[in-house]
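Visitor: I would like to learn how to read a ligand site. Could you walk me through one?

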Amino acid sequence: RIVRDFSSTIQETADFILSLWERPQNPLEHPRAHTIALAGGNTPLGLYLHLGNTHPELQAARRSDRDAENVQAFGPAVLYSHVFWGDERAVVIDSPRSNYAAAFHAMLKPLDFPSDQIHRIRAEERDLEAVAAGYEAEIHHVFARIWETQSRMANLLNPGEPLLPDPDRWERLDLVLLGLGEDGHIASLFPHAPALDEKQRWVVPAVQPGSGEKRVTLTLPFINRARNVVFLVSGKGKAGIVSKVFAAREPDKALPATLIRPDKGRVVWILDKAAAAGIPTSA
Ligand code: 6PG
């Protein structure tokens, strides 16, 4: 989806995110809590500020939440989702480099997002292997809670038709939001990095080449389980890498973005014209 400019990419991405939430067929049915992983870096900040402070539907929900007399709906289902991060830098929580802090201050705090639905990566801790394993366990736990809620609701609505705890169905993120690094990296999966070869674990430690900054990142096996992966890319500075990624005919470890191939999900690219300038017309 190629749109005019940066603010159009923000609008398009916000609309896409809010369009994701299933409208349950049966009005009695509790909309399933969704799970989204946020991107770090600068590009998505505009999106987080918009969702947190100016998106009309979300602002109306916040106002009605506050004004008990006229609570309309309980607001868009996105307010009931669980928020994760695609990666985090090994910095203290209030560092300007913290991906968690950026999204929290821009969006989650202004939306009074419930803290038990916010799952940050504790990358400020020393043992990043333990942090990665702990985060993976937390992800499993949230998936299990969501299945358990749906299973109880299904049992009320259709007794005798058990909702099977099928990991293949229930253990998938609904949305992974990704930026694109100028070297083609996504999350903290850098070109030719060992983390690209991880086949089992969902979360691993990583290192940013050059700076050596330690990171913790979701892995390809887990990102490729997502129902939706959205790339949000803006600006002429990204035109070169975007054209390389779109021209690639094969997955290429030199371009980690080309390794994003969800097994059952879809990939949506939302770019402004400047970032899309080099996309081969045959792409
Ligand atoms: C991070 C991000 C990283 C980012 C790209 C693009 O922690 O830095 O997860 O993958 O999305 O580097 O960053 P910009 O949006 O700042 O260009």
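**Reading the ligand site**

Guide: Gladly! The ligand takes up the space of the largest pocket. This is a predicted model, where local features need pLDDT of at least 70, side-chain atom pairs count only at pLDDT 80 or more, and totals for chains, interfaces and linings use all residues. Residues are numbered from 1 along each chain as its sequence is written, and side-chain values use heavy atoms, with hydrogens and water left out.

Visitor: How is a pocket defined, and which residues lie nearest the centre of the largest pocket?

Guide: On a 1 Å grid over the protein atoms alone, a pocket is an open set of points where a 1.4 Å probe fits, with protein on both sides within 12 Å along at least five of seven lines; lining residues have an atom within 4 Å of a point. Here 28 residues line the largest pocket, with G40, G41, N42, R89 and H185 nearest its centre. Strand 4 (87-89), helix 4 (99-108) and strand 5 (175-178) are the elements giving two or more residues to that lining.

Visitor: Which residues come nearest the ligand?

Guide: A residue is near a molecule if one of its heavy atoms lies within 4 Å of it. Of the 15 residues around the ligand, the nearest are N42, T43, R89, A187 and K238.

Notes: Sits in = over half its atoms within 2 Å of the grid points. Helix = DSSP H or I, 4+ residues; strand = E, 2+ residues; numbered from the N terminus.
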